[in-house]
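This report walks through one predicted model. It takes a sheet first, then the helices and a loop residue.

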Amino acid sequence: MESLKDAKWIHENHEFDNRITNLMWTISGDYDEDMDKGEKSGISENVALYHAVTAGGRRKYIEWPSVEKYVISRHQAGFDKNILLGLITMASDLIIEEKVIVERPGVYDIRKKAYKDILERYHKLHTDNLLETARHAMILEKTGKNPCIDVNTRNLLNDLSALQAREDTVELLKGIEELYLKYFSNSVKAVIGEKEDSPGSGTKSDDNSDIMPEEIFDESETFDTEISTEDVINSWNFSNGILQVREEDLKKNSEKVAYYYGKSFLHTNDLKKLQNRVCQGTHSNCLIHMTDGVIRSDSKNNCQIKYVRRQQANNSEDFQANEKVFKRNINKLRDSMARTLVEEEIADRIPSDTGKIVANKLWRINRSRNNKIFVKTIDNDKGNFVVDILIDSSGSLRTNQSQVAIQAYILARALTLLGIPNRVLGFSSFLDYTVIKRFRDYESPLSANDNIFEYFCSGNNRDGLAIKATCEDLLKRREDNKILIVLSDGRPNDFKIGKGKYEDLHEAYRGGVAIEDTAREVRLARQQEILVLGVFTGDEHDLMAEKLIYGKDFAYIKNINRFSEIVIKYLKQIIMN
């Protein structure tokens, strides 16, 4: 009996799925199109029918393949995919709904029923973020209600309504990107319509053409137009945590990573040697990209340059908002560290049975039990120091982005003022590459610390490989005390690209595999006399993973603003011990 019920449900569900697909075809007029997974809804039949209508309208009135290419490109550049898709959905619905209703008046009733179901269930869907609040308010307004909303939500709705006049897809996507940068990128504070200097020129830009990467609309570029914008990455052949691409596409990836992150500062031969040494074992299918970023390398990606400049401006603005406080912190850390260094460099002189004779102690001979008439000098010189600061730049740290940049700047500046060589690096993953961005090098001038404000978060993180690659240069230093500071959320997580459909299927780099690998690289670094401190900023439920990785030398900070303070405290302990 149960099997009959199951069979009936499957049959009915299949019939309904055919119904919404046919409705989408009817609206779009193109029977070769398919709905993306993200355009289908399980909330109710009414909502599913309404989504079929809007899916058909998008394909009829908007160049949907271009939208899909755009989403892929911006996601790879570090944009939040879900926010981007939410803005695109809301803006496109404003453009196509009324057009479809004019052509097919019955759609009005479908929309009305769908909105009713959505609003009745909205308490289950609602979150406190701006996008959901705006989506809720937009539906209320379309049903004739006047929602009570804050100023920011009202401004977003007004800006979305203004996009209704942009019927050209390129212009629509430019408008979407402007809204993203204005309202949702926590590392970007952009002003709509603000003109910026175009890279490489001394004049102001006359338009916003550099917002859109040129390859998005290059018809000669090959893209899979059936990619589901519901999940851009998972739409590729993704198995066991490995992204499968064609063999010929792998050759394009090196150019792509350089395009989005800046050219490598290493010569090709040196980079290959580095990869041969570090990309082994768990990382055998991975590659390394060492870069100074798109701003400080020869990059032609004007869109990414503009994006990073805005990130840099935002981080700098947050620093300048409390500049006096931060500068006091820098001086405090510098002075505290300097006192410790001076105190530990003073040689201790202690009474002894051997050593240098002290003339005024000679009277003790045969007259006192304390016959120590010599003094011995104990040298407290601990040698010199070099510090690497390795910062997780993956998307999981995006909410603390500006605070991380500021704390890294404070620490690096204090160390530089003390004359301690230090290097600051950020790491994240892009396709099969672990991208290591150098903000300052060991011997860089004090002004190079400003590059740290270019820090932004995107992609995944392969902590073990980043640590391994970083130690390569650190081990070459002549200083007696080599120190590596790693700031992360304690959740190494990455995927690989395989060469073909069924080749090189390895276990995904996450969970126990990733933790064990990262812990192994930390142990290897310590065996080579590198002092490693892990600074953990993640959730408490990930605390055990951090302990497994770094052992006793790790610090858990709930407030990222204590990062520089904790590191200086650790360095002082090293000096004193």
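## Sheet and helix packing

F536 stands opposite Y556, a residue of β13. The pairing behind this is between β12, residues 530–536, and β13. These strands run in the parallel sense and share three bridges.

Both strands belong to an open sheet of seven strands. Its order is β3-β9-β8-β7-β10-β12-β13, and the pairing is mixed. The edges are β3 (287–291) and β13 (554–556), each of which pairs on one side only. From one strand to the next, the twist averages 20 degrees.

Two helices pack on this sheet. Helix α15 covers residues 463–474 and touches β3, β7 (385–392), β8 (422–430), β9 (433–440), β10 (481–488) and β12. The direction of α15 makes about 155 degrees with that of β10. Helix α17 covers residues 543–550 and touches β10, β12 and β13. The direction of α17 makes about 175 degrees with that of β12.

N481, I483, I485 and L487 point one way from β10. K482, L484, V486 and S488 point the other way. Both sets are buried, the lysine K482 included.

| Strand pair | Sense | Bridges | A residue pair |
|---|---|---|---|
| β7 and β10 | parallel | seven | L390 and V486 |
| β10 and β12 | parallel | seven | L487 and V535 |
| β12 and β13 | parallel | three | F536 and Y556 |

Strands of a sheet pair through backbone hydrogen bonds, either parallel or antiparallel.

The loop between β8 and β9 holds D432. Is D432 buried or exposed? D432 has a relative accessible area of 8%, and the cut-off for buried is under 20%. D432 is therefore buried. In sequence, D432 and H283 are 149 residues apart. In space, their C-alpha atoms are 9.6 Å apart.

On the α4 side, the contact is made by E97, E98, V100 and I101. On the α5 side, V107, Y108, R111 and Y115 take part. These contact residues divide into five nonpolar, no polar and three charged.

Which residues of α5 and α7 meet? Y115, I118 and L119 of α5 meet H136, I139, L140 and K142 of α7. The residues of this contact divide into five nonpolar, one polar and one charged.

Terms used:
Residues numbered from 1 in each chain as written. Predicted model: local features only at pLDDT ≥ 70, side-chain atom pairs only at ≥ 80, totals over all residues. Heavy atoms only, no water. Pairing = 2+ DSSP bridges. Helix = DSSP H or I, 4+ residues; strand = E, 2+ residues; numbered from the N terminus. Axes fitted to C-alpha atoms, helices over the stretch in contact; angles between N-to-C directions. Contact = heavy atoms within 4.5 Å. Buried < 20%, exposed > 50% of the residue type's maximum accessible area, 1.4 Å probe, protein only. Nonpolar A, V, L, I, M, F, W, Y, C, P; charged D, E, K, R; others polar.
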